[in-house]
Amino acid sequence: MSGVTTEVPLPPDAATAQALSAAVLPRRFGSWYVAEHQLRAMRSYGWTIVMSGIGTPLMYLLGIGLGLASFLDVPVGFGPDGPVRYVVFVAPALLVSATVTVATEEFTYTVMSGFKWRRVFWGMNASPVAPGQIATGLVLATGARMVFVATAYAALVLAFGAVGRPVAALVLALLGVLAGLAFGMPLLAFAASLKDDRGQFAAVQRFVFTPMFLFSGTFYPLDTLPVWLHWIGWISPLWHATELGRLVSYGSPMSTATALTHLAVLLALAGGGWVVARRIFVGRLRG
Amino acid sequence: MPTAAHSSPVISAVGLTKRYGELAAVDGIDIEVPPGEAFGLLGPNGAGKSTTMRMVGAVSTRTSGDLRVLGLDPDTHGPEIRSQLGVVPQEDNLDPELRVRDNLIVYGRYFGIPRATCARRADELLAFAQLEDKARSKVDDLSGGMKRRLTIARALVNEPRVLMLDEPTTGLDPQARHVLWDRLFRLKERGTTLILTTHYMDEAEQLCDRLVVVDHGRIMAEGSPAALIREHSAREVVEVRFGSDRNASAAAQLAGLGDRIEVLPDRVLLYAEDGEAVLEQVSRRGLHPTTSLVRRASLEDVFLRLTGRSLIE
């Protein structure tokens, strides 16, 4: 390393003084500036975000609530007062998978584009903003999109009567955002580590997200599956968030320890992924 | 310790080194750039120009040596230094998801500049970059020259003390280059310090007050374009072509003419104070080149002399 220390007195130069004061705001709010940029950029596909945010839950809730549920004679979800309707059972899982879908879009191609295709991260990097702030700003903007999707979903779920209380719907939305980040942060770290897109993102979609969606107790309880498939649920943020969501929504039976474990897994995935992702951003942009 | 603001160098590097494993991309260079100077780093691809720019731009840490930008150490005061720089990268990294004017506004926000100020500056800079009528356009609809001008406008949004340009005109047609040079001249007149890398000799001669020739991560020569030419080359150059298979044998017969002879694959260069006189002697020796040309010596010749190779290969 340079062996230069900060104790060296700074020249009493107007330029130096100006530099010192000009960096105060970027040091503090750099992540928010990045988020602001990302949200402005999202406006160019804003209609897609809005239409899919409202259209997808509508299709699922209508299809399952009015269609599929009418064929099911055996109840699959139980609250303290007995069996619940199928659409009530499935709603938390659908909401959670919607925010995870946002992560599969924003934490993959957007990241590759920022580093390689459009190189916008390099532009941000030349400004006073630091690499860690770029990563955090990206998370803030994607988090905002997740909040929108989760809130829209929660409102529709409430309107369909698939959740009883507005407070529960609100907590479901928060759980959805947490699940999106728990899946998204490790994905962000992975995407930031890639130099080229050789189909890895399509592979994540097909071989990670889709199996997780199908085998995480989304449409039926996890213990319906053979025991050798249960591990998919255990490592899946979708399952952990869905289980918590069912507890919140209709009081699905669960011990406090189990609930805390679900929460801890989600927080660990999100937090751990964030730390690793920031490190990878720093390594790449400051090489 | 410097006391007067105007006397402090904007950039000062001593023994600046960057190693990637065994490879020294920048190998102990010393640079000092006073405020308001247009300073050039000249060299072929891979000479260490961009790596030097990245270290000065506080986005890459040095391996050893000392570096101060505006009196600050990039290792500890990266954001502070970058707040005073405008950076025009080799590859444009404008955001095509945003419109032309929004690219400027969003970028200004990274410096903590209020939105209203960003918007006002965006309009001024669009005028400066001659892009007013493109304010609402998509970035992808701009030509290469327009994109470069927009990138320069973006680099000025924070009213930087130092504008760093990495190969600013590579890939542009001659007309677009001249428009861009004109804009850079104006900035120079306003007192903005310009640091630019280029492998175009004419660009360096046009824009730089002073430059260093860099090769293999080291400084080969330093001075103003005119001084470098005076020091390392004769005043004039005679270029003669005999056909690629005959150049070498003809060169043998030219021995003793001018100060120095350089044989390139496609032509022979004779360096002399009086080019016309040398050309006359060439024909007196019974040699009849297919084409001949007498021109003033340029930085290209200096580079050839110092490194033994042409800049653009």
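Two strands pair if DSSP finds at least two bridges between them. The views below are taken from a predicted model.

**View 1. Strands β3 and β8 of chain B are parallel partners.** β3 covers residues 38–42 and β8 covers residues 210–215 of chain B. Four bridges connect the two strands. One position in this pairing is B:F39, whose bridge partner in β8(B) is B:R210.

**View 2. A six-stranded open sheet in chain B has mixed pairing.** Its strands follow the order β5-β6-β7-β3-β8-β9. The sheet ends at β5 (85–88) and β9 (218–223) of chain B, the edge strands, each of which pairs on one side only. From one strand to the next, the twist averages 15°. Helix α5 of chain B, residues 144–155, lies across β5 and β6 (162–166) of chain B. The helix runs at about 165° to β5(B).

**View 3. A four-stranded open sheet in chain B has antiparallel pairing.** The strand order is β11-β12-β10-β13. Pairing on one side only marks β11 (260–263) and β13 (291–296) of chain B as the edge strands. Neighbouring strands are turned against each other by 20° on average, direction ignored. Helix α10 of chain B, residues 275–284, packs on this sheet and touches β10 (236–241), β12 and β13 of chain B. The direction of α10 makes about 30° with that of β10(B).

**View 4. Strands β11 and β12 of chain B run antiparallel.** Four bridges join β11(B) to β12, which spans residues 268–272 of chain B. Within this pair, B:I261 stands opposite B:L270 of β12(B).

**View 5. Chain B is divided into two domains.** Domain 1 takes in residues 5–229, and domain 2 takes in residues 234–296. Taken over C-alpha atoms, the centres of these domains of chain B are separated by 39 Å.

**View 6. Chain B is in contact with chain A.** The contacts involve 41 residues of chain B and 41 residues of chain A. On the chain B side, β4 (64–69), α2 (78–82) and α3 (100–109) each supply at least two of the residues that touch chain A. Sorted by class, this side of chain B has 16 nonpolar, 13 polar and 12 charged residues.

Note on methods
Residues are numbered from 1 along each chain as its sequence is written. Chains are lettered from A and ligands numbered from 1 in the order in which they are written. This is a predicted model: local features need pLDDT of at least 70, side-chain atom pairs count only at pLDDT 80 or more; totals for chains, interfaces and linings use all residues. Domain bounds come from an automatic or database domain assignment. Axes are lines fitted to C-alpha atoms, for helices over the stretch in contact, and angles run from 0 to 180 degrees between N-to-C directions. Two residues are in contact if their C-beta atoms, placed from the backbone, lie within 7 Å. Ala, Val, Leu, Ile, Met, Phe, Trp, Tyr, Cys and Pro count as nonpolar, Asp, Glu, Lys and Arg as charged, and the others, Gly among them, as polar.
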